[in-house]
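Q: Could you walk me through a few features of this model, giving the general idea and then the case here?

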Amino acid sequence: MSHQIAPINVLSAVTTWPLLAAFLLFVTPDSRQKASGLTFAVAGALLTPLAVVLMPGTDAFAAACSCAVALMPLLLPPGADRASRILPFLITGCALIALNVHSALAVTVLCGAGIVLLAWREGRGTQKASSVWDMARSRLCGVVLGALGAALLPMQHQSPLGPVLLAIGLCMMAGLGPSPAPRSAAALMDTCLRFAAIVLMMRLNTQPLVHVLVLVAGFASLLMAVTASGARVALPMLSALAAISAATGEAAAVLLLLIAALGTTTLETRGKSTETDAIFWGSAPWPVFCALILIGRSLEIALLWLLVGCVALGLRGASLPLILPAWQRGERNMAAFVEAALLLCGLTAPLLLVWHPVAGWRP
């Protein structure tokens with residue numbers, strides 16, 4: 001069992017740039033915050049891949065997820081006020097540190113801090129405050145359970161209660177089950193926090209009870225996403241698939257689903273939700289299609305048929321868009337480049353079928 005913090009040069013190289021960016025934005029005049037925020041987002045997105053390559057003893061899976069999460073401030077539309085420009089960097093910092101720190105308790109606390117920051121950013125209006133904090137309440141209950149479970153991990157040889165409580169808490173923190181999903185820009189920030197919890201789930205998948213709990217939670221959430229009424233959003237479906245991937249130990253599938261979640265929530269944030277159904281329900285050649293193949297090869301036959309049935313039900317009501325619809329309309333904005341990046345990722349995703357990263361540490 002490891003409860004050690006990653007080397008300080010790792011944290012300073014990879015995870016503190018969003019916190020530094022948030023501080024610099026705080027002292028920047030309002031008239032220059034938009035341009036400065038874009039500069040910091042681009043610099044951070046370029047810095048993180050270079051830093052993770054240079055990390056000593058790097059965990060390849062966490063490094064790849066860190067590169068994806070570092071894109072979040074760049075994908076967000078510009079904030080309308082000072083707080084909405086600063087808080088995304090703080091949330092990104094929480095997620096990046098949670099991906100790289102070597103302590104289950106620290107990951108739980110950092111995800112909880114990110115959830116509070118997200119709820120504060122989205123719930124500042126009186127009309128939205130009640131619904132946002134209702135959404136955050138169940139997630140914060142998961143933080144309490146997860147922290148209790150992480151504290152009991154040293155006694156896991158005497159009792160399995162610690163890993164079980166931690167797994168239940170992580171499932172709640174990842175938004176599995178009946179937890180409502182945020183919309184617009186909040187969904188993009190929530191993606192990073194959900195997947196930080198899911199990455200820790202994967203490090204726990206060698207525990208038999210945890211494996212079963214996460215599988216049950218993932219499939220239950222997938223069925224809820226399939227049968228949900230009203231407008232469908234990508235994040236609940238992709239979070240459920242990522243939990244199933246974590247339970248089966250398919251790290252490459254978790255990475256592909258993280259990329260797909262960032263891309264589809266970005267498109268939904270920019271008003272392209274009608275074009276994302278086929279992407280997140282697993283049609284080819286988008287990244288989720290290859291993620292489903294990775295998950296399927298690790299499932300028992302009964303669970304595989306259940307997965308296929310859920311995806312078929314989801315695709316039945318999905319609209320199948322043209323390839324790169326934004327480009328065909330002549331658009332050259334963020335949505336168009338995200339579509340192109342998702343397509344490129346989907347076309348190159350088969351290369352990950354032979355990638356089997358080993359967890360750098362386990363709780």
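Q: Is Phe89 buried or exposed?
A: Buried means under 20% relative accessible area, exposed over 50%, and partly exposed in between, with a 1.4 Å probe and protein chains only. Phe89 has 4% relative accessibility, so this residue counts as buried. A word on the basis: this is a predicted model, where local features need pLDDT of at least 70 and side-chain atom pairs count only at pLDDT 80 or more, while totals for chains, interfaces and linings use all residues. Residues are numbered from 1 along each chain as its sequence is written, and side-chain values use heavy atoms, with hydrogens and water left out.

Q: How do I read an aromatic pair, and how many does the structure hold?
A: A pair of aromatic rings is described by the distance of the centres and the angle of the planes. Rings of Phe, Tyr and Trp (its six-membered ring) pair if their centres lie within 6.5 Å; planes under 30 degrees apart count as stacked, over 60 as edge-to-face and the rest as tilted. The structure holds 1 aromatic pair. Its rings belong to Trp17 and Phe89, with centres 6.4 Å apart and planes at 80°, so the pair is edge-to-face. Trp17 sits in helix H2 (residues 17–26) and Phe89 in helix H6 (residues 82–100), so the pair ties together parts 72 residues apart in sequence. Helices here are DSSP runs (H or I, at least four residues), numbered from the N terminus. Trp17 is buried too, with a relative accessible area of 8%.

Q: What is the span of H6, and how many of its residues are buried?
A: The expected span of a helix is 1.5 Å times one less than its number of residues. H6, with 19 residues, reaches 28 Å from its first C-alpha to its last, close to the expected 27 Å. H6 is mostly covered, as 16 of its 19 residues are buried.

Q: How do helix H13 and helix H18 cross?
A: Two packed helices are described by the angle between their axes and the distance between the axes. Axes are lines fitted to C-alpha atoms, for helices over the stretch in contact, and angles run from 0 to 180 degrees between N-to-C directions. The axes of H13 (residues 251–269) and H18 (residues 334–348) come within 9 Å and cross at roughly 160°. That makes H13 roughly antiparallel to H18 (angles over 145 degrees; under 35 is roughly parallel, 65 to 115 roughly perpendicular and the rest oblique).

Definitions and conventions:
Helix = DSSP H or I, 4+ residues; strand = E, 2+ residues; numbered from the N terminus.
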